[in-house]
Amino acid sequence: MSGPSRKTLLTHVLCLGALGWIYGGDLSDALRARTAEVSALLTPPSAVRASVVLGLAGVGLAVFVAGWLRKKPEGFKGYRLVPILLVLALFLDLVLAEGRTPLDPPELASVALQRFQNEAQKLATVEAVPTRSQVLQPLVDALGTPPYLERGTPVPAYTLQVRTDCEGPVRDAPGARPGTLLYCVARDGKQAWVTLVGLPAEVRFGAPAMLSHRGEPRVAVVRAQLPPEPDETEGVPGIDLEIPTVDGGAAAAPSP
């Protein structure tokens with residue numbers, strides 16, 4: 001009747017810490033995503049599931065404490081409730097996460113920015129980059145949905161703003177919604193800078209801001225095509241060789 005061993009106590013503390021960190025964090029994120037202007041989340045965490053897991057963890061803790069105070073032996077089944085709960089909860093999360101992308105929202109947003117740049121580059125000519133919204137919009141539509149929530153609701157689609165007479169990328173866009181691609185064309189029309197409104201990579205909740213990393217905006221550049229290089233033989237004057245002949249029309253053999 002000596003109660004749980006030190007190993008059982010340590011295991012219990014670690015399991016409770018893991019449950020609090022994982023599901024307490026999920027509950028905090030779920031509640032915060034409902035009020036934040038922008039959240040770098042694909043979908044809001046389930047507040048119900050997190051609350052249920054934390055509630056069961058509280059029950060398991062109460063049973064453990066009761067067994068400890070009553071000096072229940074090491075084999076008391078109440079000492080196993082919290083570790084079992086952790087294993088089952090993680091297994092359920094693993095099943096529910098099957099098929100989800102392993103990339104984080106900032107990485108997904110960067111991929112979308114790169115895809116748009118690649119497709120816009122294909123439309124560029126030697127004279128200029130594409131500048132018409134009607135031409136660029138299908139590229140935006142093909143990107144799918146941005147990896148952001150707005151007041152807890154998924155942003156439905158990327159949008160496009162085309163600006164002209166630019167001297168560089170847009171670094172601030174007050175009033176722009178998350179998922180907005182800012183396509184800024186240089187004055188000569190031979191270059192365009194593309195930035196994206198979302199959140200900095202280091203921020204999970206906040207006001208709409210440029211997608212950036214360590215304070216530097218993620219910028220994709222579309223450039224006019226380079227003119228084709230001339231053929232190496234083009235413009236080289238031909239060399240006419242006269243082959244002497246002998247009587248009878250046979251070609252003379254070259255002298256050594």
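Which residue does a disulfide join to Cys-166? The partner is Cys-184, with an S to S distance of 1.7 Å. This comes from a predicted model, in which the count of disulfides is one.

**The disulfide**

A disulfide is a covalent bond between the sulfur atoms of two cysteines. Here the torsion about the S-S bond of Cys-166 and Cys-184 is about -85 degrees, so the disulfide is left-handed. Cys-166 belongs to strand β4 and Cys-184 to strand β5, so the bond ties together parts that are 18 residues apart in sequence.

**Two packed helices**

Two packed helices are described by the angle between their axes and the distance between the axes. For α4 and α5 the angle is about 150 degrees and the axes are 10 Å apart. An angle over 145 degrees counts as roughly antiparallel, and α4 and α5 are therefore roughly antiparallel to each other. The crossing of α4 past α5 is right-handed.

| Helix | Range | Residues in the contact |
|---|---|---|
| α4 | residues 105–123 | Phe-116, Glu-119, Ala-120, Leu-123 |
| α5 | residues 133–141 | Val-135, Leu-136, Leu-139, Val-140 |

By class, this contact of α4 with α5 has seven nonpolar residues, one charged residue and no polar ones.

**Confidence of the model**

The protein has a mean pLDDT of 86, and 88% of its residues reach 70 or more. Over residues 248–256, pLDDT stays under 50. For residues 248–256 the model has seven contacts beyond four places in sequence.

How values were computed. Residues numbered from 1 in each chain as written. Predicted model: local features only at pLDDT ≥ 70, side-chain atom pairs only at ≥ 80, totals over all residues. Heavy atoms only, no water. pLDDT = per-residue confidence, 0-100. Contact = heavy atoms within 4.5 Å. Axes fitted to C-alpha atoms, helices over the stretch in contact; angles between N-to-C directions. Helix = DSSP H or I, 4+ residues; strand = E, 2+ residues; numbered from the N terminus. Parallel < 35°, antiparallel > 145°, perpendicular 65-115°, else oblique. Left-handed = near helix turned anticlockwise from the far one by under 90°. Nonpolar A, V, L, I, M, F, W, Y, C, P; charged D, E, K, R; others polar. Disulfide = S-S within 2.5 Å.
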